[in-house]
Amino acid sequence: MKWIELSININREIESLVTSLLVDFGSSGVVIEDPEELTKERQDQYGEIYDLNPDDYPEEGIRVKCYFNELDFSETLQQNIEQAILNLDDADQNFIQLHVKHLQESDWENEWKHYFHPFKASKHFTIVPSWEDYETQDTEEKCIELDPGMAFGTGDHPTTYMCLSAIEDIVKPEHSVIDVGTGSGVLSIASHLMGAKRIKAIDLDQMAVNVAVENFEKNNCAQDIEAATGNLLKEETGKYDVIIANILAHIIEQMIEDAYDKLNDGGYFITSGIIIEKSNQIIEQLKRVGFKHINLKEDNGWVCIVCQKVSE
């Protein structure tokens, strides 16, 4: 199978909007190349623990790379993406440039190995690619071995590591957890490492489910996590203590009522994949449905919302 890499130079101010837009257009994954990563102070951040190569970054602005199956990509799609970006209010047309590159399946795999290295994603979780050796730094460190394949979700994105941080704070051994839109399975593995007694991982895409199962096997937890295809929570009949959904705002909106119904009293809904411009709309809907104790974390234009189902 062949893939298309669409490389787009943009100004930094529209990064989160462009990332969300590209996913809406059907991109199978997004890479951000931001030159500020080269000089970023990491003492108070959970960042990469490897050396970055300046040659991988643009001199000005940000480079966004996204990926499409060759069968789904067309010149018309490229033009529509370009026009949608140019129409963004803060878009600087002096920065915006698009370049197309054709990739073979093997090129795809090597491309991800180029970007994906061990990194500390939260206070306790360290994400380690399956092709690299890594030794834990202390007894509290929890390593997640991951091969993103074509489902992605490596943890190297604000939405994912905010969810990982929330999982650290909330998931307990007595909890049952469902991970909606599991992708690579990283959040399910994290829940397992926190000791959750029952975990289910679902995704609409069978390819994502297959990749997640492979990652569960790498982390010796396949026997403890039920993996299945599923359309959000529409087919779920059971109840859970924690529901996790790192998807996109317009999809999260479709599942808020079901999330409330499928939670036990006192249960938590952890959700991200939301750009800050959509956060108030999501919070208002959560409150209307009945969620209480809503907390919000923000990072680089993305938010993670944690709320609780509490009876009056």
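In which strand does Asn246 lie? In the predicted model, Asn246 belongs to strand β11, which spans residues 240-246.

The protein contains eight helices and 14 strands. Of its 312 residues, 51% count as buried.

The side chain of Thr160 makes a polar contact with that of Asn246 at 3.3 Å, and the backbone nitrogen of Gly273 lies 3.2 Å from a polar atom of the Asn246 side chain. When neighbours within four places in sequence are left aside, the residues in contact with Asn246 are Thr159, Thr160, Cys163, Val180, Gly181, Leu187, Ser272 and Gly273. One of these contacts, Leu187, is a buried residue of helix α5.

Helix α5 covers residues 186-193, and six of its eight residues are buried. The buried positions are Val186, Leu187, Ser188, Ile189, Ala190 and Ser191. The helix is followed by Gly195, which has a positive phi near 95°. Helix α1, formed by residues 15-24, is likewise mostly covered, with seven of its 10 residues buried. These are Glu15, Ser16, Val18, Thr19, Ser20, Leu21 and Leu22. The elements that cover them include strands β1, β2 and β3, helix α2 (75-86), and strands β12 (263-275) and β14 (302-309). Just after α1, Gly26 adopts a positive phi of about 105°.

Strand β3, one of the elements covering α1, comprises residues 62-69, and eight of its eight residues are buried. Burial extends to both faces of the strand: Ile62, Val64, Cys66 and Phe68 lie on one side, whereas Arg63, Lys65, Tyr67 and Asn69 lie on the other. Strands of a sheet pair through backbone hydrogen bonds, either parallel or antiparallel. Strand β1 (residues 2-10) pairs with β3 in the antiparallel sense over eight bridges, and Ile10 has Ile62 as its bridge partner in β3. Strand β2 (residues 30-33) also runs antiparallel to β3, to which it is joined by four bridges. Here the bridge partner of Glu33 in β3 is Arg63.

A further sheet is open and consists of three strands in the order β5-β6-β7, with mixed pairing. Strands β5 (119-120) and β7 (142-146) stand at its edges; each has a single partner strand, so one side of each is left without a neighbour in the sheet. Strand β5 is connected to β6 (residues 125-129) by two bridges, and the two strands run antiparallel. Within this pairing, Phe119 stands opposite Ile127 in β6.

Aromatic side chains were also examined. A pair of aromatic rings is described by the distance of the centres and the angle of the planes. The model contains three aromatic pairs. In one of them, Phe68 and Phe73 adopt a tilted arrangement, with 5.6 Å from centre to centre and 45° between the planes. Phe68 counts as buried because its relative accessibility is 1%, and Phe73 is buried as well, with a relative accessible area of 15%. Tyr260, Phe269 and Phe291 form one aromatic cluster. The ring of Tyr260 also has a charged group over it: the charged end of Lys309 sits 4.7 Å from the ring centre.

The C-alpha atoms of Lys292 and Lys309 are 6.1 Å apart in space, although the two residues are 17 residues apart in sequence. Lys292 lies in strand β13, which spans residues 291-299. With a relative accessibility of 31%, Lys292 counts as partly exposed.

Methods
Residues are numbered from 1 along each chain as its sequence is written. This is a predicted model: local features need pLDDT of at least 70, side-chain atom pairs count only at pLDDT 80 or more; totals for chains, interfaces and linings use all residues. Side-chain values use heavy atoms; hydrogens and water are left out. Buried means under 20% relative accessible area, exposed over 50%, partly exposed in between (1.4 Å probe, protein chains only). A polar contact is a pair of N or O atoms within 3.5 Å; within protein, one must be able to donate a hydrogen and the other to accept it, and residues adjacent in sequence count only if both atoms are side-chain atoms. Contact means heavy atoms within 4.5 Å. Rings of Phe, Tyr and Trp (its six-membered ring) pair if their centres lie within 6.5 Å; planes under 30 degrees apart count as stacked, over 60 as edge-to-face and the rest as tilted. A charge sits over a ring if NZ of Lys or CZ of Arg is within 6 Å of the ring centre and within 35 degrees of the ring normal. Two strands pair if DSSP finds at least two bridges between them.
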